[in-house]
Amino acid sequence: MTGNHQTLALLLFSAFIAVTLGITTWVSRNRHGSEEEFYAGGRLFSPMENGFAISGDYLSAASFLGVTGLIALFGYDGLLYVVGFFVAWLMVLFLVAELVRNCGRFTLADVVAARMSERPVRIAAGTSSVTVSVLYLVAQMVGAGSLVSLLLGGTSPAARAWTVIGVGALMVIYVSMGGMRATTWIQIVKAVLMMSGTIALTVLTLVRFHGNLNHLLLTAAARSGRGAAFLAPGLKYGGDWTARFDFISLGLALVLGTAGLPHILSRFYTVPTARAARRSVVWSIGLIGAFYLMTIILGFAAAAVVGPDTLRKSNEAGNTAVPLLALDLGGGADSTGGTVLFAIVAAVAFATILAVVAGITLASSASVAHDLYASLRRPNAKPRSEVAVARVAAVGIGVAAIGLGLVARNLNVAFLVGLAFAVAASANLPVLLYSLFWRGFTTRGAVWAVYGGLIPALALVLLSPVVSGSPESLFPGVDFQFFPLQNPGLVSIPLGFLAGWLGTVTSTEVPDEAKHAETEVRALTGAGAV
Amino acid sequence: MRYHDPWYDALASGWGETDGTDGTGGPAPEVPAARREDADHAVRAGDVYLEVQRSAAFQEVRGRYLRFVVPATVVFFTWYVAYVVTATTAPGFMARPVAGAVNVGMVAGLGQFLTTFLLTWAYARHARLRRDRAALELRWDTQELTRGIRGGTS
């Protein structure tokens, strides 16, 4: 990497930071500090704006850099990720978006607690939401650290540490100053930037291959050294049955996890009605689908143009496939076009991480203030504004994420994201679906559903080869590995559903018919929705 | 204490507007009285929701929603799981060439994208044409009924 790349990338990135800080100041110029304003941005975004913001929130660095890298290195097996990330949106559209918008106010726990004894359910759902958010945050922080060392050349641990600290500090400023309104505009700006960058690269790729996708695939297969096997499943997840089950587990977590991600759920409260929530999901499905289709082309193009050897030399996991492809498509390392394109892509990648981190921090600070603090504070304590608590929580979560990001800096980003999806699918989805659709669901069922998914998911990860027992694990020196799969979803998701059912049938509590009627009527009609 | 939250504002102002059925009548009820009144209202608001839930109009909306999403969810989920399981258990089948460099796996993967787009379109259309109007009418009716009890909430 030459100095030119770095200077230009830094300039563009500084411009993004300046613009987003400007937005933050502008939108918070006459804020009233109400909860409605801080958590939901006043609920007055249009479906199109929210659709862009949702796709900005969802498409993290794992999608922009990680997935393209996986396709470039493993061909078809990388494509399986893309399909899982995308099909998951049908779950959100059909079963979650409108109903959650109608029933809740700010968080997942609002929907569940409406029918149940509020305190235990809020504490459970708040805990699992914060856990999922922190896992997701750590993944983004680790991504930011490795991105900086890769793109800006500085591989020193100090440079990485300062990047992680810088990203964390910026996101705390965005969130605590601007709340949901600023965060939403940052997502929109970022989504537009990322879509434009991806479209430009795809067009350049198509020009390079004269629009002949068949030729692109054949070149990629030939260059990979694997021939036709590159275009078929099995390069990454073939082989023994552990690897295959691991993939099925990951696939399940991806498709079921999206509907339980707190930062995605909180986006539905930024629009005025359930109909607007549905239309924003339709917008985001269009955007995300188009983006992933282009990602597939870019992944194969990176294999065909740059070649797996160069990619592996730059980054073992393939995370630099898109920037390297941009460099080549622009005309090579010594040309102006290549330099500019590379810098743009690098700046977009930074912007992506910042925006996603801000979205998650906001959602988790809402869970801390609205669910945990509101339930756990002493009843006779001086009531403090929830928004003030949320601002403090944003700082606290920022510090925690920075710390964990520094500790976990050697973990794989895609793995951490897959883990966050698995925990979301195990702990959040069962309780959400049960309380929306099951008449007989009780408080004990709700609490068991959350902990019955959360605890096994985390425990299985602790006992998996990720933490111990293999040379690549977090603690290679010790061996308490017991569970063979890296992703716990295949076991922990069914356990979450089972625990919710078991808790309900064993509880003596009589389900409140009127509360269920209220939830169902409100969910499907929007009566009494805020 | 000042709440800036409109939700609380609505609830607080609602207490003063009741027509005195509980004998509290006055514009500024004592806190315990308001609480008792509130619980009473909650019970009766629950009755309203039960009544609406049992109405034919609501059952129709609910039926239309479930008759679409249950089969659609089963279809897309089965199709996705079948895709993932086939890719992991029968890679040889997925590698079978179809045309040029394109094999069965590629067609299936793009098929997932296609079905997702199609189901999204079908769901949005179904909801717009078959559910939105009826749901909105129910919403106003329900809010009218609960307003009668709560006096201005929602």
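In helix 3 of chain A, the buried residues are Pro47(A), Glu49(A), Asn50(A), Gly51(A), Phe52(A), Ala53(A), Ile54(A), Ser55(A), Gly56(A), Asp57(A) and Tyr58(A). A residue is called buried if 20 or more other C-beta atoms lie within 10 Å of its own, exposed if 12 or fewer, and partly exposed in between, with C-beta atoms placed from the backbone. Please keep in mind that this is a predicted model, in which local features need pLDDT of at least 70, side-chain atom pairs count only at pLDDT 80 or more, and totals for chains, interfaces and linings use all residues. Residues are numbered from 1 along each chain as its sequence is written, while chains are lettered from A and ligands numbered from 1 in the order in which they are written.

**Helix 3 of chain A**

- Helices (H or I, at least four residues) and strands (E, at least two) are DSSP runs, numbered from the N terminus.
- Helix 3 covers residues 47-58 of chain A, and its twelve residues reach 16 Å from the first C-alpha to the last. That is close to the 16 Å expected at 1.5 Å a residue, where the expected span is 1.5 Å times one less than the number of residues.
- Eleven of the twelve residues of this helix are buried, so helix 3 of chain A is largely enclosed by the rest of the structure.
- The cover over those buried residues includes helix 8 (157-208), helix 11 (262-265), helix 12 (274-305) and helix 15 of chain A.

**Chain A as a whole**

- Chain A has 20 helices and zero strands.
- Its radius of gyration, taken over C-alpha atoms, is 23 Å, close to the 24 Å that the globule rule gives for 530 residues, so chain A is as compact as a globular protein of that length. The globule rule is 2.2 Å times the number of residues to the power 0.38.
- The C-alpha trace of chain A spans about 70 × 55 × 45 Å along its principal axes.
- Of the 530 residues in chain A, 64% are buried.
- Two residues are in contact if their C-beta atoms, placed from the backbone, lie within 7 Å. Among the contacts in chain A with a separation of 6 or more, 80% join residues 24 or more positions apart.
- Leaving aside residues up to four places away in sequence, Ala420(A) touches Val132(A), Leu135(A), Tyr136(A) and Ala139(A).

**Two loop residues with positive phi**

- Arg43(A) lies in the loop between helix 2 (35-40) and helix 3 of chain A. Its phi is near 60°, a positive value in a residue other than glycine, and with 20 C-beta neighbours inside 10 Å Arg43(A) counts as buried.
- His210(A) sits in the loop between helix 8 and helix 9 (213-224) of chain A. This residue also has a positive phi, about 55°, although it is not a glycine, and with 8 C-beta neighbours inside 10 Å His210(A) counts as exposed.

- Chain B has six helices and two strands, which run α-α-α-α-β-β-α-α from the N terminus on.
- Of its 154 residues, 24% count as buried.
- Where the chains meet, 51 residues of chain B are in contact with 50 residues of chain A.
- Helix 3 of chain B gives the largest share of the side that touches chain A, with 15 residues.
- By class, this side of chain B has 29 nonpolar, 17 polar and five charged residues. Ala, Val, Leu, Ile, Met, Phe, Trp, Tyr, Cys and Pro count as nonpolar, Asp, Glu, Lys and Arg as charged, and the others, Gly among them, as polar.
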